[in-house]
Amino acid sequence: MYSIGKSIGILNRQFNIFLNRELAGTELNATEFMYIGYLYQNDGIMQDELAKEFLVDRAAITRILKNMEEKGIHRGCGGYAGCAETTGD
């Protein structure tokens, strides 16, 4: 039986594999790449809003942003996720 949900899930996994391969020479992975783009377009967004937008819990957002800060590709400022600058010249 055909399942659109299963097909979407497979497509999403394949896209993430592809994107991770393309980003292999950078410090970013597919998830971080997605967040960086969203943060760039939504400067000043709160972490809670980011969690709602991506349908993940706030703890996941906090972990991802912390990891990006440790890599030096994002600078957070309090509870705001998007008021940060991306680094890299």
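At 39% relative accessibility, aspartate 48 counts as partly exposed. This value, like those that follow, comes from a predicted model. Aspartate 48 forms a salt bridge with arginine 58, with the closest N and O atoms 2.7 Å apart. The pair links distant parts of the chain: aspartate 48 belongs to helix H3 (residues 47–54) and arginine 58 to helix H4, 10 residues apart. Arginine 58 is also partly exposed, as its relative accessible area is 38%.

The protein chain has 4 helices and 0 strands. Along the sequence the pattern reads α-α-α-α. Of the 89 residues in the chain, 25% are buried.

The salt bridges number 3. A further one joins glutamate 32 to lysine 71, where the closest N and O atoms are 2.9 Å apart. Glutamate 32 lies in helix H2 and lysine 71 in helix H4, so this pair ties together parts 39 residues apart in sequence. Glutamate 32 counts as buried because its relative accessibility is 2%, under the 20% cut-off. Lysine 71 is partly exposed, with a relative accessible area of 29%.

Leucine 65 also relates helix H4 to glutamate 32. Leucine 65 is found in helix H4 (residues 58–71) and is buried, at 3% relative accessible area. The C-alpha atoms of leucine 65 and glutamate 32 are 8.3 Å apart in space, while the two residues are 33 apart in sequence.

Glutamate 70 and lysine 66 form a salt bridge as well, with a closest N to O distance of 3.9 Å. Both residues lie in helix H4; they are 4 residues apart, so about one helical turn separates them. Glutamate 70 and lysine 66 are both exposed.

The largest pocket holds about 160 Å³ of space. Its lining consists of Asn12, Phe15, Asn16, Leu19, Ala30, Thr31, Phe33 and Met34. Helix H1 (4–22) and helix H2 (30–41) are the elements that each give two or more residues to this lining. By class, the lining residues comprise 5 nonpolar, 3 polar and no charged.

A nonpolar patch lies on the surface. Tyr2, Ile4 and Ile8 form this patch, and their accessible area together is about 370 Å². Isoleucine 4 lies in helix H1. Its relative accessibility is 53%, over the 50% cut-off, so isoleucine 4 counts as exposed.

Technical notes:
Residues are numbered from 1 along each chain as its sequence is written. This is a predicted model: local features need pLDDT of at least 70, side-chain atom pairs count only at pLDDT 80 or more; totals for chains, interfaces and linings use all residues. Side-chain values use heavy atoms; hydrogens and water are left out. On a 1 Å grid over the protein atoms alone, a cavity is a set of points where a 1.4 Å probe fits but cannot get out, and a pocket is an open set with protein on both sides within 12 Å along at least five of seven lines; lining residues have an atom within 4 Å of a point. Grid points are joined across faces, edges and corners, and a volume is the space filled by probe spheres set on the points. Ala, Val, Leu, Ile, Met, Phe, Trp, Tyr, Cys and Pro count as nonpolar, Asp, Glu, Lys and Arg as charged, and the others, Gly among them, as polar. Patches are made of residues with over 30% relative accessible area and no salt bridge: like charges are joined within 9 Å, nonpolar side chains (Val, Leu, Ile, Met, Phe, Trp, Tyr) within 5 Å. Accessible areas come from the Shrake-Rupley method with a 1.4 Å probe; for residues, only the protein chains shown count as cover. A salt bridge is a side-chain nitrogen of Lys or Arg within 4 Å of a carboxyl oxygen of Asp or Glu. Buried means under 20% relative accessible area, exposed over 50%, partly exposed in between (1.4 Å probe, protein chains only).
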